[in-house]
Amino acid sequence: MKYQALSILKPAVNLIVNGNKTSEIRSWLPSEMPLKNILLVQNDNYLKTEEDEEDGLGMAVVDFVKFSPWTESEALKTNPALTLGRTWKPGYFEWHIENIRKLNTPITCKAKKGIYIVEVSYDLF
């Protein structure tokens, strides 16, 4: 089965799966909305270019159903541990996460920039 995937810096996917983080901050919006059944891949390093990729760990499947500008007032209300030290900047967006489904067993896969495809040969749940 093929899944659209989004890589996120460690430990953010752990925080999402545990219910501590309910949104993801991005500098861009996807071309299609909403995004459903997105595999979250946790990785160790910030990916800067479209060519960057590294080993990651697929840990959950989620839906992103609402997107909104990330406001300075919202940033000030958020625990810095949940933003991984990122400070507010204009032009960023908050991707609201719903329907979090933790994988029975995390899968090793590539982490890439943007939305990309991960092919899985067995049932994730």
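Reader: What radius of gyration would a compact globule with 125 residues have, and what does the chain have?

Author: The radius of gyration is taken over C-alpha atoms, and the globule rule is 2.2 Å times the number of residues to the power 0.38. For 125 residues a compact globule would come near 14 Å, and the chain has 14 Å, which agrees. This is a predicted model, in which local features need pLDDT of at least 70, side-chain atom pairs count only at pLDDT 80 or more, and totals for chains, interfaces and linings use all residues. Residues are numbered from 1 along each chain as its sequence is written, and side-chain values use heavy atoms, with hydrogens and water left out.

Reader: How many helices and strands does the chain have?

Author: Helices (H or I, at least four residues) and strands (E, at least two) are DSSP runs, numbered from the N terminus. Here there are 2 helices and 6 strands, in the order β-α-β-β-β-α-β-β along the sequence.

Reader: Is Arg 26 buried or exposed?

Author: Buried means under 20% relative accessible area, exposed over 50%, and partly exposed in between (1.4 Å probe, protein chains only). Arg 26, in strand β2 (residues 23-26), has a relative accessible area of 12%, so Arg 26 is buried. Of the 125 residues, 42% count as buried.

Reader: Which side chain does the side chain of Arg 26 make a polar contact with?

Author: A polar contact is a pair of N or O atoms within 3.5 Å; within protein, one must be able to donate a hydrogen and the other to accept it, and residues adjacent in sequence count only if both atoms are side-chain atoms. The partner is the side chain of Glu 24, at 3.1 Å. The side chain of Arg 26 also reaches the backbone oxygen of Ser 7 at 2.8 Å.
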